[in-house]
Amino acid sequence: MSYYTAQGIVDDPNDHSTVATGLKDLLRLSKILKARRVEAGALTLASQEMKFTIDMEGDNSPTDVQEYVHIPTMSMIEEFMLFANVAVAEKIEREFPKWACLRRHPPPPDGAFEALNEALESQAMPLLKAGTSRELADSLDACNDAKDPYFNRLVRVLTTRCMNQAKYFSSGEMDKQQYWHYGLAMPIYTHFTSPIRRYADVIVHRQLAAAIGIAKRSTKHMDAELMLELTGNMNTRHTAAQHAGRDSRNLYIGFVFDNYKNGREEQIPEEDGYIVRRLENGVVVMVPRYGTEGTCYFEDCTELGEKIKALRQFDKVRVKIILRPGSYDDVARNKLLYKIVQHVHVQRVACAIPPTANVGVSEEPKDKAQPPSMPFDPTVQKKADKPDAAPKAKQPPAVAKRPASGGGGDPKKRRKVVKKVVKKAAAPQAQQAAAGDDGASDGEDI
């Protein structure tokens, strides 16, 4: 049963079947569990999650991209996953206090939100407080604009990028006080519920099986030194997987815009965008419609003249995306240029929102700050998946460099490889886009 099928059953007031009754009871219970976590200080963060529409009758290429919409049944599954992970973490830590595979999320570093708070203050919005996760959660709920529904989500996306990344660790590494998971507001946590896609969960399954006596205790997983090495490697691989996922999304976005080639470049519609960073020679703009970010250079935005230099972080703008097709009919050589054509004046009006307004949004950040590059240019080096250190002194804005021509090596060979990869991935991607069956996670992928 897909999440959307389950949601349809839950939403049908005339369905009194056993399945419908069970689903509705579980949904009510999950909301109670979530409310308790929120009360304890669990964060509701956000990231740019997109889904693609695949042309299944043609060449299996992506034809459109949309923001992924979470529904209550996804949040329901997430809650039970979270509590299963906590229960397993408690059990294996009791049995293996020196080498249990756990996961922690440190609090934000000192000064992590200084720049973000300066931007919020310039918009006359409430400031973020991060003394405790509960304070941060409350201040995020208060940072809402009555006239701009996307503003709160944007603040949560940028807040996510200021935070530390969650890490796997061996329980013997540190005191129990340091096990705390800041984002989930839980004293102990691990990854157990997704062994088909994470090696950490496989280790935890083996440790749980040994802990409850249904499997022999492996000497490999009772070695504190080896567990320290394994968790370090998993952290490295987890970061690499995040980068690969981001690059995969950018590649698919590249194929979406490739549909506008051959004289259709001017048909790309203008979209709403938001300033997410100021540079010395431009600004970085986020376009929620496509989940992309790019640099708008002052010298290219002639419509606004000198006014463009007065744009602030969080300002709303209208953006024209311009496709510059690459050579050899190679998608990886295409470039997107971002041009601000209008400053949309919004008088910010702060109003608090209830925590339940963001049901279904993961409580652990899924991506970190993205560089202001073309969305599918492989020649632009990605930033490390680490939060920026808190500045000791106010630094001048960075200078953005225009990306060099994309693509290296034999373009014909690379184009064949890219087409092959996309075609191979098209069927499962299409199913996900249609059914949404990948919607729930265990709530934390910082």
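These legends go with close-up views of salt bridges and a surface patch in a predicted model. Residues are numbered from 1 along each chain as its sequence is written, and side-chain values use heavy atoms, with hydrogens and water left out. Because the model is predicted, local features need pLDDT of at least 70 and side-chain atom pairs count only at pLDDT 80 or more, while totals for chains, interfaces and linings use all residues.

**View 1. Lys91 and Glu95 pair up through a salt bridge.** A salt bridge here is a side-chain nitrogen of Lys or Arg within 4 Å of a carboxyl oxygen of Asp or Glu, and the structure holds 20 of them. For this pair, the N to O distance is 3.6 Å. The two residues sit four apart in helix H3 (residues 72-95), so about one helical turn separates them. Helices (H or I, at least four residues) and strands (E, at least two) are DSSP runs, numbered from the N terminus. Lys91 is partly exposed at 23% relative accessibility, and Glu95 is partly exposed at 30%. On this scale, buried means under 20% relative accessible area, exposed over 50%, and partly exposed in between (1.4 Å probe, protein chains only).

**View 2. Glu93 reaches Lys176.** The closest N and O atoms of this salt bridge are 3.7 Å apart. Glu93 belongs to helix H3, whereas Lys176 is in the loop between strand S4 (167-170) and helix H7 (199-211), so the pair ties together parts that are 83 residues apart in sequence. What about cover? Glu93 is buried, with 7% relative accessible area, but Lys176 is exposed at 55%.

**View 3. Glu306 meets Lys309.** Their side chains form a salt bridge at 3.5 Å, N to O. Glu306 counts as exposed, with 59% relative accessibility; Lys309 comes in at 42%, which makes Lys309 partly exposed.

**View 4. Leu26, Leu29 and Ile32 make a nonpolar surface patch.** The patch covers about 250 Å²; accessible areas come from the Shrake-Rupley method with a 1.4 Å probe, and for residues only the protein chains shown count as cover. Patches are made of residues with over 30% relative accessible area and no salt bridge, joining like charges within 9 Å and nonpolar side chains (Val, Leu, Ile, Met, Phe, Trp, Tyr) within 5 Å. Leu29 is part of helix H2 (residues 18-40) and is partly exposed, at 40% relative accessibility.
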